[in-house]
Amino acid sequence: MSEEKKNTNAGGEEQYSLNDDRRVKVLSPGAMVAKRFFRNRLAVTGMVILILMFVFSFVGGLISPYGQDEVFYRREYIKKEYVGVTENKEFRYLQLDEAYGTVAQAMTVLAIQQEKDSITATGGTYDVIKESDGLYSIKDGDKVIGAAYLDIVSAESSSTTFSPEFQYEALLALSKGGGEFTADGQDYEVSEEGLVSQNGESVAVCSRYVIQSKSGNVNVSNEFRESLIEALISDEEEFAFTDESGETAEYTLSYDAATKIWSVMQETSTQVFDTYSFPTKEHWLGTDRNGMDMLTRLMYGGRVSLIVGFIVVIISTVLGIVLGGVAGYFGGWIDNLVMRIVDIFYCIPSMPVIIILGAAMDGMRLDPQIRMLYLMLILGILGWPGTARMVRGQILSLREQEFMTATEACGISVSRRIFRHLIPNVIPQLIVISTMSLGSTIITESTLSFLGLGVKFPFASWGNIINDVSNSYVLTTYWFIWIPAGVCLMLTVLAFNFVGDGLRDAFDPKMKR
């Protein structure tokens, strides 16, 4: 046979005739699958979205200047109740002698109302002497046995108590416009404003206004007391006071007619969580209710959701391959046993079981990281029956083919027949099932986290990020809390479904080339 002549074109390139087999480019099965896959625009779009999500979640968290649990603060001026004030308008009584009992005290009320100058009680008749509008002395001759008063003697220190003699002498000196007095063998001095001092040191205050601090660390100074009482007498609603350190604070007065108490509110600068801060240059997606950067939490949340999805799918796929492969190859009672186990798992109500286990882990106060591992194990163990049934069905049809007879004739072990010759033929179907189940697994994890049964704080996932939307006000006002996480979740699940559909079509040999 003569040698076939070769034709060349003008550029010197070799050309082949139409019936020459070298004109046909032969593709490997993998190349054909890849070619069919990349012709599917939706599948390619899904792959691009997944690549972007992986870069966003795993690379973005590394380059973010913030940590996933880093808390930010801001300064706010808020009003806190500083002290409460009540005005004493009813006479109280001091008992300086046993003769001034409850009957005499009751008669004193009538004498003051009827403007009488004496009372008759058990033990005799006593004089009622008006020292001032706020003090009446009850005397038996020259002896003072009791007193009715409106001004209250309050000690500077809560641990200090005063005798009835001290209180009477202080009030008596105040009724005379102030001055010195002696009580319990010690000398004191009271000013016109009612400040009682000893050796220049303030020890008590006489006033009809009783001031009670609302916090244990509040020490009401005499200067503040004077400014407050002056504001109350003048019916002012606001006043300012400068303390010894030179700091000026604004105070607001409000009166509650039901309790007859003035509330003194102090406006102070307080460091609080930077909660629900709208997007800024520092925080591109704002902050959440804990004052954490939303963009950073979104990155770490994607990382957790994707990791949980992949690990759950790996666990369920491995269990499904092993049990489905054994059941399909051996058949008989082994197949029957494995399939009955599959039926039992199909009958288990997965969501109620997961909710119960999540509540149990809440009660046990498990570490969030350990809890996340348990969550992946539970989801993986509950998700293997579908894979096992598919693998079993494929192996039942493959084990009767000629290549399996050849492996048996060659003396290849059972494990190698299953995992080296049968399982590889099921890989295309496994890839499709695993890819499409990733989306549903991420949805399940996000649902559990949204219900508070999945990934716990401080770890972030797209589900527990959306869980921050605890009421309609947050839902309608702070869109940056839930919309970005919802969009990421939707795009990721759609992308996995697109890729799964594309792989299913690419592995189908009946698809058009």
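The model is predicted, so local features need pLDDT of at least 70 and side-chain atom pairs count only at pLDDT 80 or more, while totals for chains, interfaces and linings use all residues. Residues are numbered from 1 along each chain as its sequence is written, and side-chain values use heavy atoms, with hydrogens and water left out.

Five strands form an open sheet with antiparallel pairing, in the order S4-S8-S7-S6-S5. Helices (H or I, at least four residues) and strands (E, at least two) are DSSP runs, numbered from the N terminus, and two strands pair if DSSP finds at least two bridges between them. Strand S4 (92-95) and strand S5 (118-121) each have a single partner strand, so one side of each lacks a neighbour in the sheet. Between neighbouring strands the average turn is 25°, direction ignored. Within the sheet, S6 (residues 124-132) and S7 (residues 135-140) pair over five antiparallel bridges, and Ser-132 stands opposite Leu-135 in S7. Helix H3 (residues 102-113) lies across S4, S5, S6, S7 and S8 (143-149), and runs at about 150° to S5.

Next come two helices. H6 and H10 (residues 385-398) pack at about 35° with axes 7 Å apart; axes are lines fitted to C-alpha atoms, for helices over the stretch in contact, and angles run from 0 to 180 degrees between N-to-C directions. Among the residues that meet are Gly-320 and Gly-324 in H6 and Val-391 and Ile-395 in H10, where contact means heavy atoms within 4.5 Å.

Finally, the structure holds 27 aromatic pairs. Rings of Phe, Tyr and Trp (its six-membered ring) pair if their centres lie within 6.5 Å; planes under 30 degrees apart count as stacked, over 60 as edge-to-face and the rest as tilted. Phe-166 and Tyr-188 form an edge-to-face pair, 4.8 Å centre to centre with 80° between the planes. This pair joins helix H4 (residues 164-175), which holds Phe-166, to strand S11 (residues 186-190), which holds Tyr-188, 22 residues apart. Phe-166 counts as buried because its relative accessibility is 1%, and Tyr-188 counts as buried at 11%; buried means under 20% relative accessible area, exposed over 50% and partly exposed in between (1.4 Å probe, protein chains only). Phe-278 and Phe-480 form another edge-to-face pair, at 5.1 Å and 65°. Here Phe-278 is partly exposed at 42%, whereas Phe-480 is buried at 0%.
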